[in-house]
Amino acid sequence: MTHRLFQKAVTVVFSLAMLSYVSTSVAHDAGATMDPNGNVAAFTGYALVTCSGGSDNLVASIKDTSPSKDNLLVNLQIIKGNHAINTTDPVPGDGNFSPEVRVHGGDGVYQLLVNKTKAGARSFIVSYHCMTISGVHTETDITVQQFE
């Protein structure tokens with residue numbers, strides 16, 4: 001059930017992003033609430049991002065849109081092949097994304113994971129983009145695998 005709610009949220013966000021498309025930028029942002037009941041410390045979102053069209057890398061960041069709570073942060077990891085990297089939004093609720101991270105894995109499927117540091121509901125937005133070596137946006141598709 002929760003997986004379907006996240007998939008629906010991703011679809012709505014992508015639809016809104018497509019409706020607000022501007023030729024000078026292409027946005028890929030998706031958001032949801034992890035652990036809405038606030039009792040699953042190990043709650044994890046897992047998606048597959050497929051890059052094509054001459055991609056060099058996947059770049060991503062995460063923004064925690066929830067009010068600040070002691071020691072409760074959201075994290076994002078990108079994995080492709082034997083390369084992995086992570087980032088954390090250091091200040092929840094401030095309106096800023098975490099530092100961007102990227103994995104240079106070319107075209108293909110990247111794993112994107114979102115989790116948190118302890119039990120508690122966290123709303124978040126992930127920004128992710130497949131890019132060429134020269135910084136041009138390429139085709140970017142996402143499929144949510146798990147949200148629990």
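This note goes through the sheets, the core, the disulfide and the aromatic pairs of a predicted model.

1. Basis. Because the model is predicted, local features are taken at pLDDT of at least 70 and side-chain atom pairs at pLDDT 80 or more, whereas totals for chains, interfaces and linings use all residues. Residues are numbered from 1 along each chain as its sequence is written, and side-chain values rest on heavy atoms, with hydrogens and water left out.

2. Four-stranded sheet. Strands (DSSP E runs of at least two residues, numbered from the N terminus) β1, β8, β3 and β6 form, in that order, an open sheet with antiparallel pairing, where two strands pair if DSSP finds at least two bridges between them. Its edge strands, each pairing on one side only, are β1 (29–34) and β6 (101–103). Neighbouring strands of this sheet are turned by 25° against each other on average, direction ignored, the axes being lines fitted to C-alpha atoms and the angles running from 0 to 180 degrees between N-to-C directions. Within the sheet, β3 (residues 57–64) and β6 pair in the antiparallel sense over three bridges, and Ala 60 stands opposite Val 101 in β6.

3. Five-stranded sheet. A further open sheet, of five strands, has the order β5-β4-β7-β2-β9, again with antiparallel pairing. Here β5 (83–88) and β9 are the edge strands, each of which pairs on one side only, and the twist averages 20° from one strand to the next. Between β4 and β5 the antiparallel pairing runs over six bridges, with Gln 77 opposite Asn 86 in β5.

4. Leaving aside neighbours within four places in sequence, Ile 78 is in contact (heavy atoms within 4.5 Å) with residues including Leu 58, Val 101, Val 103, Tyr 110 and Leu 112.

5. Disulfide. The structure holds one disulfide, a term meaning a pair of cysteine sulfur atoms within 2.5 Å; this disulfide joins Cys 51 to Cys 130, with S to S 1.9 Å. The torsion about the S-S bond is about -70°, so the disulfide is left-handed. Because Cys 51 lies in β2 (residues 44–52) and Cys 130 in β8 (residues 122–131), the pair ties together parts that are 79 residues apart in sequence. Both Cys 51 and Cys 130 are buried, where buried means under 20% relative accessible area, exposed over 50% and partly exposed in between (1.4 Å probe, protein chains only).

6. Two aromatic pairs are found in the whole structure, the criterion being ring centres of Phe, Tyr or Trp (its six-membered ring) within 6.5 Å, with planes under 30 degrees apart counted as stacked, over 60 as edge-to-face and the rest as tilted. The rings of Phe 43 and Phe 147 have centres 5.0 Å apart and planes at 85°, so this pair is edge-to-face; Phe 43 lies in the loop between β1 and β2, 104 residues from Phe 147 in β9. Phe 124 and Phe 147 form a tilted pair, 6.3 Å centre to centre with 40° between the planes.
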